[in-house]
Every structure is written in C-alpha cells, then in structure tokens.
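Q: Can you walk me through the salt bridges in this one? I'd like to know where they sit.
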Amino acid sequence: MTWLGPAEWQAVALSLKVAGWATVLSLPIAIWIAHLLAREEFPGKQVVNGLVHLPLILPPVVTGYLLLLTFGGTAPIGAFLTKLGLPLAFRWTGAALAAAIMGFPLMVRAIRLSIEAVDPKLEAAAATLGASRWSVFATVTLPLALPGIIAGAILGFAKAMGEFGATITFVSNIPGETRTVPSAIYSFLQVPGGENAALRLVVVSIIIAMGALVASEVLARRVAKRMEDA
C-alpha cells in the first residue's frame, strides 16, 4: 500500500492489530455463550440474550461511556488493571476491548444459529455411548458448527475494523495509539485538504470489509463440503 501515507498506513496497521486481538480474545467466550443460549435452559436466559445483543441496540457512544466508567483510570476496575500493568483507557488495548464488545453480538448470533442447526439426536447418540458433555461438544457439536464459527469470527473481525463510536469515546483519537481507520477518516475530514487521505482509507475499508465477507462465505462452504465428503 505504497499509495498510503505514513499516517494512513499507521491507522490501517493499528486497526488490523486491534481487530485481530478483539477477535481472538472474544471468540472462545462467544462460542461458550452461543452454546449456552442454543442448548441450555436456565433462569434469566432472556436477560443474558438481551445483554449480549445490547451493544447492537445502544448508541455506540453509550457503550463507550459505560466502558470509560468501568475501566477508566479512576474507576475501581480500571485502577486495579492499571496497577497490574494492563491499562485500558486511552490505550490500544482499550480499543480492542471496545471493538470486541461491539462485534460480540454478531459473532454470538452466527455461532448460535450454527449450533442450533446441529441435530440434537447426534449429540444424544454420542452421550449414550459414554461420551462426556465436553467430549460431545468437542467431537460432535463443534465440528458440525464450524462453518458458523468461522463466519462469526470473520464478521466480528470486520465489525471490529469499522468500530468508531465506542472506541473514540473510550480511548479517544490518539495518533499511533488509538487512531484506527474510522478515527483517522474522521480526523482527515476535519482538516482542509484531508479529503484525499480520507477517501483512500474509505477504499481500504471497503476492500477489507468485502474481503472479510467473501472469505467468510468461501471458508464456510469449504468446511461444510469437507464435512459432507467425510
């Protein structure tokens, strides 16, 4: 991407870093929550489901402000993490947290639908053969739900790449630290002559988003085909 300037490339690299960590760290939790919602019945299930999808409904700025209240430097949790050497507010790690939370509902929904599509009779058959619940999940449910897991991970990554409102509220817009692609586009549009740089980043955003969607479809279909052949 030699046609990108240093500041633009820095924003792209930071966005990839933030989105990558957000996806990697949230995926195991998303799989667990999706399985819980798809297969278990428990008091407060609808509350959990509502909380999972709340970031999709709330204004992103509200989510960012709640993160600031919870993980800011003066908040109890934020102060504790800072003492441990894990500050989140106004750091790229906080941007990763905000991106993970905003992409989490999409990830959970895709994985949940995939798990619900798995025939419960297959899981029951494995259980009757003496397999533990963990073995049933690892050897039956997880492989059959893999296309949805891949799709959810890629959709979560794409959402994390485009996250703006919660991120800028929680970690601000600091060049080299928290200025991701959306924040950089916003910044370039605020200064005279920055339209061309903003347009270049818009093109990069479209390419990454479309690439993620195509990759999601291709990988999901390949995994499904292999499973059918097996």
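A: One term before we start. Exposed means over 50% relative accessible area, buried means under 20%, and partly exposed is in between. Also, this is a predicted model.

Q: Fine. How many salt bridges does the count come to?
A: The count is five salt bridges.

Q: Let's take Arg 133. Which side chain does Arg 133 meet in a salt bridge?
A: Glu 40. The N to O distance is 2.4 Å.

Q: What does that pair tie together?
A: Parts that are 93 residues apart in sequence, because Arg 133 lies in helix H7 (residues 133–144) and Glu 40 lies in the loop between helix H1 (6–39) and helix H2 (45–57).

Q: And is Arg 133 buried or exposed?
A: Arg 133 has a relative accessible area of 63%. That is over the 50% cut-off, so Arg 133 counts as exposed. Glu 40 is at 22%, which makes it partly exposed.

Q: Moving on. What does Glu 41 form a salt bridge with?
A: Lys 45. Their closest N and O atoms are 3.1 Å apart.

Q: New topic: helix H5. Where do Arg 112 and Glu 116 lie in it?
A: Both are in helix H5 (residues 92–116), four residues apart. That is about one turn of the helix.

Q: What is the relative accessible area of Glu 116?
A: It is 36%, so Glu 116 is partly exposed.

Note on methods:
Residues numbered from 1 in each chain as written. Predicted model: local features only at pLDDT ≥ 70, side-chain atom pairs only at ≥ 80, totals over all residues. Heavy atoms only, no water. Salt bridge = Lys/Arg side-chain N within 4 Å of Asp/Glu carboxyl O. Helix = DSSP H or I, 4+ residues; strand = E, 2+ residues; numbered from the N terminus. Buried < 20%, exposed > 50% of the residue type's maximum accessible area, 1.4 Å probe, protein only.
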